[in-house]
Amino acid sequence: MNDKEHNYIRVRQVMTSTPQVIDGLATVREAVEMMREHSVRSLVIDRRHDGDEYGMVTVHDVAEKVIGQDRSLDRMNVYEIMTKPVLTVDADMDIRYAIRILARFRLSCALVTEKGSMVGIVTLRDMTFRYPD
């Protein structure tokens, strides 16, 4: 199949448009409870102002940086263990390129933006499963 015949699938077609967002000052326990309640593996940390960047905290972050170091879930805030800034991909990007970017950086998800604003979150799993045969 050549490029002219390729069926483009845009990131917006496979993204989750309602990622779970938490404040950076929340405790790690609150973050874990939110992840459990919504059955998600990551949370977006909201920006403090327009010039700020989004952050992200994952189950892996909690396991490695809190539980693995025998630290208190109640005494640590999300901002202490989050990743910031996070990788973003444009909503109109072909998922082939988004998959390449995530694979290159060994990431499982990215924020989806449109004109600089967050519009969703996309996972490597979702894009790979939707990739055309």
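The side chains of Lys84 and Asp52 meet in a salt bridge, with N and O 2.9 Å apart; the term stands for a side-chain nitrogen of Lys or Arg within 4 Å of a carboxyl oxygen of Asp or Glu. This pair links distant parts of the chain, 32 residues apart: Lys84 sits in the loop between α3 and β4, and Asp52 in the loop between β2 (42-45) and β3 (55-58). Helix and strand names follow DSSP runs numbered from the N terminus, with helices being H or I of at least four residues and strands being E of at least two. Lys84 counts as partly exposed because its relative accessibility is 37%, while Asp52, at 13%, is buried. Here buried means under 20% relative accessible area, exposed means over 50%, and partly exposed is in between (1.4 Å probe, protein chains only).

A word on the basis of these values: this is a predicted model, in which local features need pLDDT of at least 70 and side-chain atom pairs count only at pLDDT 80 or more, while totals for chains, interfaces and linings use all residues. Residues are numbered from 1 along each chain as its sequence is written, and side-chain values use heavy atoms, with hydrogens and water left out.

Searching the whole structure turns up eight salt bridges. One of them joins Asp74 to Arg29, whose closest N and O atoms are 2.6 Å apart. Asp74 belongs to the loop between α3 (59-65) and β4, and Arg29 to helix α2 (residues 28-38), so this pair ties together parts that are 45 residues apart in sequence. Both partners are partly exposed, Asp74 at 44% relative accessibility and Arg29 at 34%. Another salt bridge runs between Arg96 and Asp94, with 3.3 Å between the closest N and O atoms. Here Arg96 is buried at 13% relative accessibility, and Asp94 is buried too, at 3%. Salt bridges with shared partners also bring Arg12, Asp92 and Glu114 into one network.

Glu114 leads on to the sheet. Strand β5 (residues 109-114) is mostly covered, with five of its six residues buried. On one side, β5 runs parallel to strand β4 (residues 88-90), and three bridges join the two; strands count as paired if DSSP finds at least two bridges between them. Within this pairing, Thr113 of β5 has Asp90 standing opposite. To get from β4 to β5, the chain passes through helix α4 (residues 95-104), making a right-handed β-α-β crossover. Right-handed means that, with the strands pointing away from the viewer, the path from the first strand over the helix to the second runs clockwise.

β5 also pairs with strand β6 (residues 117-123), this time in the antiparallel sense and over six bridges. Among the facing residues, Glu114 stands opposite Ser117 in β6, and Leu111 has Ile121 as its bridge partner. The hairpin of β5 and β6 has two residues between the strands, and Lys115 takes a positive phi near 55 degrees there.

Put together, the three strands make an open sheet in the order β4-β5-β6, with mixed pairing. The edges are β4 and β6, each of which pairs on one side only. On average, neighbouring strands of this sheet are turned by 40 degrees against each other, direction ignored. Axes for such angles are lines fitted to C-alpha atoms, for helices over the stretch in contact, and angles run from 0 to 180 degrees between N-to-C directions.
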